[in-house]
Amino acid sequence: MNQPSSRSRPPRVLMTTDAVGGVWTYSIDLALGLARRGVQTTLVVIGPSPSADQVAQAQAVPNLDLVDTCLPLDWMAREPAEILEVGAAVRGLARGARADIIHLNSPALAAEAGFSAPVIGACHSCLATWWGAVKDGPMPSDFRWRSQVLWQGMLGCDALVAPTAAFAAETGSAYELPRPFVVHNGRAAPSPVMAARQRMVFTSGRLWDEGKNIAVLDQAAGLIDAPLQAAGPLQGPSGGPVVLSHAQALGRLPSHEIGRWLARAPIFASAALYEPFGLGVLEAAQAGCALVLSDIPTFRELWDGAAVFCDPYDAQAFADAFRELLAEPAVALRLGEQARARSLRYTVDGMADGVLSLYRQFRPALFPLLAREAAE
């Protein structure tokens, strides 16, 4: 029997993801944007299985097939062979899905050749750039071999994409490669939640990650007379839990609960030392929170003129900013509206269009200029 031509079916993308952090949110939103443009996505989960609420998110996306592999994350692998084995498994899944484009949210998986379609490597974070932002001195041996495999994977990709120009520059410098293409991340603005603003500060993210620098916000929480609520896991895939002395830990919350907190919080804070984009900040801006952020290049690129910036090592500076905004609700409200207006730059449709323009360079006949209205 003759196989149907590639033009007789929707374009197909195989995309890898993980359920641990922001890559999941990025993948779901991108798959949604692609679906609006007539693209079918096979979403392959590497690492821990998605939670029930994450599975529900995936099931709500049209034209999306979810594949949970239970294979190890590249940054949790014990040796290079494990990463290569995961890459081989993904190559097989891509062939089975008849993927026209392979979108690796872990570019290390392209360290060996043999993919059946052009490979786009999405640079969300990496150990080398994380180490440069968070630590001093030479990287430990396990970081070095992982970074070597990632470098090989980046070389194996047909193109690389990064969510900010600042992070693209860091990545290109760290691996001595041409700078990745830049496509800003985007989020679908949630339905407004009607709630009165309460006298508090809110933060969210992977609190166990040293790069998120929750220790400084925890210190700042002890210097103000209002609660600082911190949502997110305190223990990562390895290592002991982070202990908060002053901030109030809420644990991991589903996205709709995060939205309720953002609706009530007049201020959202991030003291991150390392943040290639910061989806949590974007969600807070969409909710109209005043942003108090660490003064790092990515946050300046995205939010300059729409946030208060503080030295990420200065807990007192964060506490002073919190006190000033809590004492002047009108000022916090105005800053929150500036953040909301800026957030309109970072949409799912804009992200999907940017990524599709990259796909189109390699498969122009399969990913033509699509009118979104025609696909809806």
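How much space lies in the largest cavity? About 60 Å³. This is a predicted model, in which local features need pLDDT of at least 70, side-chain atom pairs count only at pLDDT 80 or more, and totals for chains, interfaces and linings use all residues. Residues are numbered from 1 along each chain as its sequence is written, and side-chain values use heavy atoms, with hydrogens and water left out.

**Stop 1: the cavity**

Select Tyr26, Ala122, Cys123, His124, Val161, Ala162, Pro163, Val183, Asn185, Met351 and Val355, which line the largest cavity. A cavity here is a set of points, on a 1 Å grid over the protein atoms alone, where a 1.4 Å probe fits but cannot get out; lining residues have an atom within 4 Å of a point. The search of the whole structure finds 1 cavity of 30 Å³ or more. By class, the lining has 9 nonpolar, 2 polar and no charged residues. β6 (159–162) and α13 (348–362) each supply at least two residues of the lining; helices are DSSP runs of H or I with at least four residues, strands are runs of E with at least two, and both are numbered from the N terminus.

**Stop 2: helix α1**

Next, select residues 22–36, helix α1. Its 15 residues reach 21 Å from the first C-alpha to the last, close to the 21 Å expected at 1.5 Å a residue (1.5 Å times one less than the number of residues). Of the 15 residues, 11 are buried, so α1 is largely enclosed by the rest of the structure. Buried means under 20% relative accessible area, exposed over 50%, and partly exposed in between, with a 1.4 Å probe and protein chains only. Among the buried residues of α1 are Trp24, Tyr26 and Asp29. Just after the helix, Gly38 takes a positive phi of about 80 degrees.

**Stop 3: salt bridges**

Arg187 is in the loop between β7 (181–182) and β8 (201–204), 158 residues apart from Asp29. Both Arg187 and Asp29 are buried. A salt bridge is a side-chain nitrogen of Lys or Arg within 4 Å of a carboxyl oxygen of Asp or Glu, and the structure holds 19.

Then select Glu275 and Lys212, whose closest N and O atoms are 2.8 Å apart in a salt bridge. The pair links distant parts of the chain, 63 residues apart, and both residues are buried.

Finish at Glu82 and Arg78, a salt bridge with its closest N and O atoms 2.7 Å apart. Glu82 is buried at 11% relative accessibility, whereas Arg78 is exposed at 71%.

Definitions and conventions:
On a 1 Å grid over the protein atoms alone, a cavity is a set of points where a 1.4 Å probe fits but cannot get out, and a pocket is an open set with protein on both sides within 12 Å along at least five of seven lines; lining residues have an atom within 4 Å of a point. Grid points are joined across faces, edges and corners, and a volume is the space filled by probe spheres set on the points. Ala, Val, Leu, Ile, Met, Phe, Trp, Tyr, Cys and Pro count as nonpolar, Asp, Glu, Lys and Arg as charged, and the others, Gly among them, as polar.
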